[in-house]
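Dear colleague,

Please find the structure below, followed by a summary of what was found in it.

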Amino acid sequence: MARMIDFLPELEGDEGAYIAKLMSSMNDEKAQRFARVYRARRKEPQIILFTALVGFFGIAGVHRFVIGQVGMGILYLLTGGLCAIGTIVDIINYKSLAFEYNRGVAQDVMTLLD
Amino acid sequence: MKEQLKYLFRNYFEITAFSVGLILLALMDPEIANGPDLCLFEQVGITFCPGDGLGHSIAYTFNGDISNAMQSNILGPFAIIILVGRVGYLIHNKITNKKRNYIDYGPND
């Protein structure tokens, strides 16, 4: 029974709850390995927020590239973030975007460790 | 109640925003609609915005008028494909995550 707060204290909100549940079935050694890889690969929600804010000053869509959504990234880049409306949607929604990416990372790491 | 609203907002905001936008544009008549500009860059006084005409372009595409759509903004059909794909992906994600019984980030977390 590994506790998320001991290994990845920086997580919070939805992501924290998800990782806590994932970790509850691991032993300490596996949890430590998981935490090391996961911390190296996850993206901070603040990174998404800051790169999304760049959209107001010229280059929109950087945050979509950061989380690997190339199609949306190109669309935002070429339309000024859907005339800034898409940028605003993503600034409101930045935590969900980061969580969506990090959940994928967590699932990848889980399959790597098995 | 408040928690439930928060949960719905957190989980469905992006789906709702994009699909409502697309539906409204599909229902809009591009010939008549010439109201105030929705582009925020124009509202604050920046005259150039690469997204101008995108709404009209999407509306023309839904009406099947590709040549007018291309004239409004060349990216209209491309935008529809990407946005529909994104909404579809999000809905697919919601369904499969529920099926696999991952935590359903309920209101009580």
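How many residues of chain B are in contact with chain A? In this predicted model, 30 residues of chain B are in contact with 31 residues of chain A, contact meaning heavy atoms within 4.5 Å.

The two chains bury about 2500 Å² between them, 70% of it on carbon and sulfur atoms; buried area is the accessible area (1.4 Å probe) that two parts lose on being put together, summed over both.

Across the interface, the rule finds 3 salt bridges (a side-chain nitrogen of Lys or Arg within 4 Å of a carboxyl oxygen of Asp or Glu). One of them joins B:E14 to A:R64, with the closest N and O atoms 2.7 Å apart.

On the side of chain B that touches chain A, α1 (2–27), α2 (40–43) and α5 (76–99) each supply at least two residues; helices are DSSP runs (H or I) of at least four residues, numbered from the N terminus. The largest share, 9 residues, comes from α5(B).

Over residues 105–109 of chain B the pLDDT is below 50. Where pLDDT is low, the predicted coordinates should not be read in detail. The predictor gives the complex an ipTM of 0.84 and a pTM of 0.85.

Residues are numbered from 1 along each chain as its sequence is written, and chains are lettered from A and ligands numbered from 1 in the order in which they are written. Local features need pLDDT of at least 70, side-chain atom pairs count only at pLDDT 80 or more, and totals for chains, interfaces and linings use all residues, while side-chain values use heavy atoms, with hydrogens and water left out.

With kind regards

Methods. pLDDT is the predictor's confidence in each residue, from 0 to 100.
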